[in-house]
Amino acid sequence: MQQNQPGLPPELLEKFRFNLRQAGIQAREEDIQGIIAKNYLRLLLSFEDMAQKNAVDLVPAYLEPWGTEDQVGAAHANQLEAELEPVEIVASPHRLRGPGGVRLTSIQEIAELIRKREVSPVELTTQALNRIAERDGELNSFQLVLREQALEAARRAEREIASGDYRGPLHGVPLAVKDLLAMEGTITTAGSKVLADNYTGYDASAVERLQAAGAIIAGKTRMSEFAYSPGSNNSHYGPTANPWNLAHDSGGSSSGSAAAVAAGLVFGALGTDTGGSIRIPASLCGIVGLKPTFGRTSLHGATTLAWSLDHLGPLTTTVNDAAILLEALAGSDKRDPRTRPVEVPAYSRYTEAGVKRLRVGVLREDGTGQPLATPEVLAAWKQALSTLESAGAELVELDLPEFNDLRTLNGVILAFEAMAFHHQTLTKRLGDYGEFMRRRILASYAYDARAFVCAQQIRHFIRQRMNAIFEQVDLLSTPTMPYGAPELGDPARNTYFTGPFNALGWPAISVPFGQTAEGLPVGVQLAGRPWDEVTILRAARVIEVAEP
């Protein structure tokens with residue numbers, strides 16, 4: 001007997017079934033009932049309500065200019081101010097303490113040893129591969145370990161450095177990349193059985209840039225299927241455990257990248273972020289996760305989740321390391337039309353500049369009328385904000401009811417773009433998708449034809465209103481997640497504080513600060529104006545140094 005979710009209009013379910021039939025998708029009744037039971041259609045109801053309240057006659061966001069001179073000019077002004085007032089900040093040894101009190105080594109530290117030839121890239125890579133072999137059985141953080149490939153790259157790096165051809169702080173350093181980035185000669189699964197035989201004969205742009213910098217890619221990391229879940233759940237390859245407590249989830253979708261860095265298996269890793277997939281696992285695993293401005297880094301060679309929401313960035317143990325990796329990754333790419341020919345700052349020059357006179361927006365009301373997070377997460381966040389204030393920043397409380405609408409918009413636009421990407425495969429190989437991914441993507445067919453353009457119109461309207469806050473503040477802060485890592489098997493389920501910044505395209509970073517009563521990490525999020533990663537890196541560094 002068919003059931004209907006309480007409050008779900010019967011005509012909506014009828015339209016949903018009709019749309020699936022018209023699309024040529026033979027959805028099983030079990031999946032349709034599962035979608036209803038999980039309330040996956042609630043996003044559509046929220047969107048319809050929002051569309052009624054935000055009726056606008058504006059051009060859609062996809063016609064909005066991006067990377068304008070005004071945006072870049074404002075970001076550059078903040079950089080110049082930072083350059084004028086450098087502040088001495090002493091590195092915090094506690095910040096590099098990982099799960100179980102293990103001392104983690106930063107890219108910045110190991111690079112100096114490599115440069116002085118006190119550490120061998122071959123020795124370092126061998127140690128990393130051995131750590132992966134020892135620990136990954138319990139973590140499940142790697143999809144593919146590239147042992148021979150990594151050792152050959154390490155030997156090449158060692159020869160280059162010995163001959164005086166030192167390329168910079170990534171030269172000879174073992175890193176990892178998320179398994180939706182193409183690498184020549186490897187299978188790129190994007191976490192799915194659908195792509196289990198997807199041999200890629202070329203390198204993604206991000207892989208090219210790491211290799212050009214001399215980095216050693218030790219392997220490709222686990223992820224939720226097609227990056228659609230904010231948890232590590234994956235019915236094909238299994239979940240990824242949190243290194244701080246193996247009974248808890250590592251977050252998603254860049255699960256393996258975050259866990260591998262937090263456990264000290266590699267010195268840094270790449271992730272992608274469509275609704276929080278860098279920042280969520282960074283927060284839950286106690287490391288730094290940076291989502292740059294939309295268009296700052298190339299996604300050429302990355303399996304798409306949603307073209308207008310996807311971002312690529314680093315996961316690292318420190319803020320300085322994130323700056324080092326971003327310098328290598330950033331820049332325009334003719335193969336990715338989303339990138340912009342915007343000057344790339346020397347990010348690592350600015351991280352120590354402090355926050356004197358910066359105005360930090362503090363989210364007070366997000367449009368729900370509910371507490372923003374659990375009491376212990378709120379306490380950690382407020383303590384982190386106090387460190388910014390003590391360092392010379394001004395805290396400005398802001399009510400942003402648009403935040404809740406942005407959550408809905410991000411989910412709706414993601415659903416449409418993911419549906420477009422997967423449509424042909426869904427008509428032929430529906431059963432090869434895991435249950436979570438299959439039901440989430442099928443729910444996208446409940447929308448009518450006008451909804452995508454309507455969502456993009458509202459996106460443009462809200463983005464204009466949100467951009468106006470930079471007349472009052474230089475950056476905005478929220479918790480990264482409203483709670484600590486959930487138990488394994490009950491993955492993180494929301495993108496409350498992360499998704500809005502994908503819809504806006506603003507840069508955002510998660511930096512660890514404090515722990516829950518269970519000893520699990522808590523993350524603080526900082527977001528800034530487009531192209532102004534410098535300011536969020538400055539503030540994140542101050543928080544990092546002050547972490548208790």
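**Strands, pockets and a cavity: a guided reading**

Biologist: Let's begin with pairing. Which residue in E15 is the bridge partner of Thr-478?

Modeller: In strand E15, Thr-478 has Gln-525 as its bridge partner. Bear in mind that this is a predicted model.

Biologist: How many bridges join E13 to E15, and do the strands run parallel or antiparallel?

Modeller: E13 and E15 (residues 521-528) run antiparallel and are joined by 5 bridges. E13 also pairs with strand E11 (residues 359-365), this time in the parallel sense, over 3 bridges. Within E13, Leu-476 stands opposite Gly-361.

Biologist: Is strand E13 enclosed or open to the outside?

Modeller: Look at burial, where under 20% relative accessible area counts as buried. In strand E13 (residues 475-479), 5 of the 5 residues are buried, so the strand is largely enclosed by the rest of the structure.

Biologist: And Pro-375, is that residue buried or exposed?

Modeller: Over 50% counts as exposed. Pro-375 has a relative accessible area of 68%, so Pro-375 is exposed. This proline is found in helix H12 (residues 375-390). Its C-alpha atom is separated by 9.7 Å from that of Thr-516, 141 residues apart along the chain.

Biologist: Now the empty space. How do I read it?

Modeller: The general idea is friendly enough: rolling a probe the size of a water molecule over the atoms shows where empty space is left. In this model, the largest pocket holds about 1200 Å³ of space. It is lined by 49 residues, and the closest to its centre are Arg-42, Leu-43, Arg-493, Thr-495 and Tyr-496.

Biologist: Which elements give two or more residues to that lining?

Modeller: They are helix H3 (42-53), helix H13 (402-429) and helix H14 (435-442). H13 gives the most, with 8 residues. By class, the lining of the largest pocket has 22 nonpolar, 18 polar and 9 charged residues.

Biologist: What about the second largest pocket, how much space lies there?

Modeller: About 300 Å³. This pocket has 17 lining residues, with Ala-61, Tyr-62, Phe-294, Ser-308 and Arg-340 nearest its centre. Its lining divides into 9 nonpolar, 3 polar and 5 charged residues.

Biologist: How many cavities of 30 Å³ or more are there?

Modeller: The count comes to 2. About 60 Å³ of space lies in the largest cavity. Among the residues that line this cavity are Leu-180, Ala-227, Thr-272, Asp-310 and Arg-338. By class, the lining of the largest cavity has 5 nonpolar, 4 polar and 2 charged residues.

How values were computed:
Residues numbered from 1 in each chain as written. Predicted model: local features only at pLDDT ≥ 70, side-chain atom pairs only at ≥ 80, totals over all residues. Heavy atoms only, no water. 1 Å grid on protein atoms, 1.4 Å probe; cavity = no way out; pocket = protein on both sides within 12 Å on 5 of 7 lines; lining within 4 Å. Points joined across faces, edges and corners; volume = space filled by probe spheres on them. Helix = DSSP H or I, 4+ residues; strand = E, 2+ residues; numbered from the N terminus. Nonpolar A, V, L, I, M, F, W, Y, C, P; charged D, E, K, R; others polar. Buried < 20%, exposed > 50% of the residue type's maximum accessible area, 1.4 Å probe, protein only. Pairing = 2+ DSSP bridges.
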